[in-house]
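Please keep the sequence and the model at hand while reading.

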Amino acid sequence: MPLYNRLKEYRARLGVNQQEMGAWVGTSRQTISQIERGDYSPSVTLAIKIARKCGVSVEEIFDYVEDENEENK
Amino acid sequence: MKKTNNIKIYIQFGLIMFACFFIGILAGAVSRWLQKDIAGWNTVAVMNALQEVISVAFPILVVVMFAVALAFYLQAKKQAKLWDGEDEVTISKIERKLCMSLILEGIAFMVSFVLYPLGIWAYEIADTENFVTQLSYPISFLGNLVAYFLLVKIVVGLEKKLNPEKQGNVFEIHFQRKWEESMDEAEQLQLGKAAKKAFGAGQMACSVLWVISFMSMFLFHTGILPIICVTVIWLIMFLTYSVEEMKR
């Protein structure tokens, strides 16, 4: 399921690296890296924590775009 | 459509069962046939050669595997010093090298659990007595244990430097549990996937080993114990997995 995110962009605005971001939200650097690459979709709790740290809503960082094939079903 | 699919599945299943049945009959027949051949082997001569080979190969294996594993670790350590904390390509290479290091030393660790008793068994049956040969087995085995724990300690140490949230001392009893508890959701998901894959591989290995143990009952007169051991391991894996599944 394609979950797009702008985490890297917001992280750059905050001026923190992945390790620091991970420490802020109680997760590892690898997980932040995987989220940014789109290889992992965070849980609701983690997504909310990330959004709060960035000072925005969850929808501003994460966006779910329906696949065309799924829409036609 | 669904009915046709089900029929296909049942036919496939039937064919697999028939193939297993046929392989079982073949394995039994081959065991009986080879039994006569193996009875004619000069076992003492084989064991004489085997104990000498193991007394040389065992320490070489220990040294070479440790050297290669250490080389991977040292490369990773060097790259970690230069890492800027952001570059994903570099950190990925570092993590891979650390994994390779652990895998290689882990293989040496497991292999030593075969070579050590094999060497002693060969020594017992052989008709030559060589104190140096006899001493080389426990020295190589203990040396390998020391190498293994040393390498795990330094690799885990570097992992903790790269990932400060990780907890646990390699030498404490509950190290694995502490390490897993310090994993986040994504790492725990990955751990679950790895465990599931290991379980599947273990199931396959147990079924193959069962056939080999069955054949060895006749070929090498190993008795029923190997079959019992394999089945017990199989059962433990199956029950552990099933109990964990029930907790969902």
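This is a predicted model: local features need pLDDT of at least 70, side-chain atom pairs count only at pLDDT 80 or more; totals for chains, interfaces and linings use all residues.

Residues are numbered from 1 along each chain as its sequence is written, chains are lettered from A and ligands numbered from 1 in the order in which they are written, and side-chain values use heavy atoms, with hydrogens and water left out.

**The interface of chains A and B**

Chain B brings 15 residues to the contact and chain A brings 18 residues, where contact means heavy atoms within 4.5 Å. The area buried between the two chains is about 1200 Å², and carbon and sulfur atoms give 35% of that area; buried area is the accessible area (1.4 Å probe) that two parts lose on being put together, summed over both. Of the area that chain B buries against chain A, 41% is supplied by B:Glu86, B:Glu88 and B:Glu185, more than by any other three residues.

Across this interface, 13 residue pairs are in polar contact, both residues being at pLDDT 80 or more. A polar contact is a pair of N or O atoms within 3.5 Å; within protein, one must be able to donate a hydrogen and the other to accept it, and residues adjacent in sequence count only if both atoms are side-chain atoms. On the side of chain B that touches chain A, helix H3 (88-125) and H6 each supply at least two residues, and the largest share, four residues, comes from H6(B). Helices (H or I, at least four residues) are DSSP runs, numbered from the N terminus. The residues on that side of chain B divide into six nonpolar, two polar and seven charged, with Ala, Val, Leu, Ile, Met, Phe, Trp, Tyr, Cys and Pro counted as nonpolar, Asp, Glu, Lys and Arg as charged, and the others, Gly among them, as polar.

**Salt bridges**

A salt bridge is a side-chain nitrogen of Lys or Arg within 4 Å of a carboxyl oxygen of Asp or Glu. The whole structure holds 12 salt bridges over all chains, and the count between chain B and chain A is three. The table gives pairs that join the two chains.

| Residue of chain A | Residue of chain B | N to O distance |
|---|---|---|
| A:Arg11 | B:Glu86 | 2.7 Å |
| A:Arg29 | B:Glu95 | 3.1 Å |
| A:Arg37 | B:Glu88 | 3.1 Å |

Both B:Glu95 and A:Arg29 are buried, whereas A:Arg37 is partly exposed, with a relative accessible area of 46%. Buried means under 20% relative accessible area, exposed over 50%, and partly exposed in between (1.4 Å probe, protein chains only).

A:Glu36 has its place in helix H3 (residues 29-37) of chain A, and at 13% relative accessibility this glutamate counts as buried. The side chain of A:Glu36 makes a polar contact with that of A:Arg11 at 2.5 Å. Leaving aside neighbours within four places in sequence, A:Glu36 is in contact with several residues, including A:Asn5, A:Leu7, A:Arg11 and B:Glu88.

Within chain B, the side chains of B:Glu165 and B:Lys166 meet in a salt bridge of 3.4 Å, N to O. Here B:Glu165 counts as partly exposed at 23% relative accessibility, while B:Lys166 counts as buried at 6%.

**Helix H6 of chain B**

The 35 residues of H6(B) should span 51 Å at 1.5 Å a residue, which agrees with its end C-alpha atoms being 50 Å apart; the expected span is 1.5 Å times one less than the number of residues. At the start of H6(B), a side-chain oxygen of B:Asp184 reaches to within 3.3 Å of the backbone nitrogen of B:Ala186. Among the buried residues of this helix are B:Phe199, B:Cys206, B:Ser213 and B:Leu219.

B:Ser216 is found in H6 (residues 185-219) and counts as buried at 11% relative accessibility. Its side chain reaches the backbone oxygen of B:Ser213 at 3.0 Å. Leaving aside neighbours within four places in sequence, B:Ser216 is in contact with B:His221 and B:Thr222. B:His221, which follows H6(B), has a positive phi, near 55 degrees.
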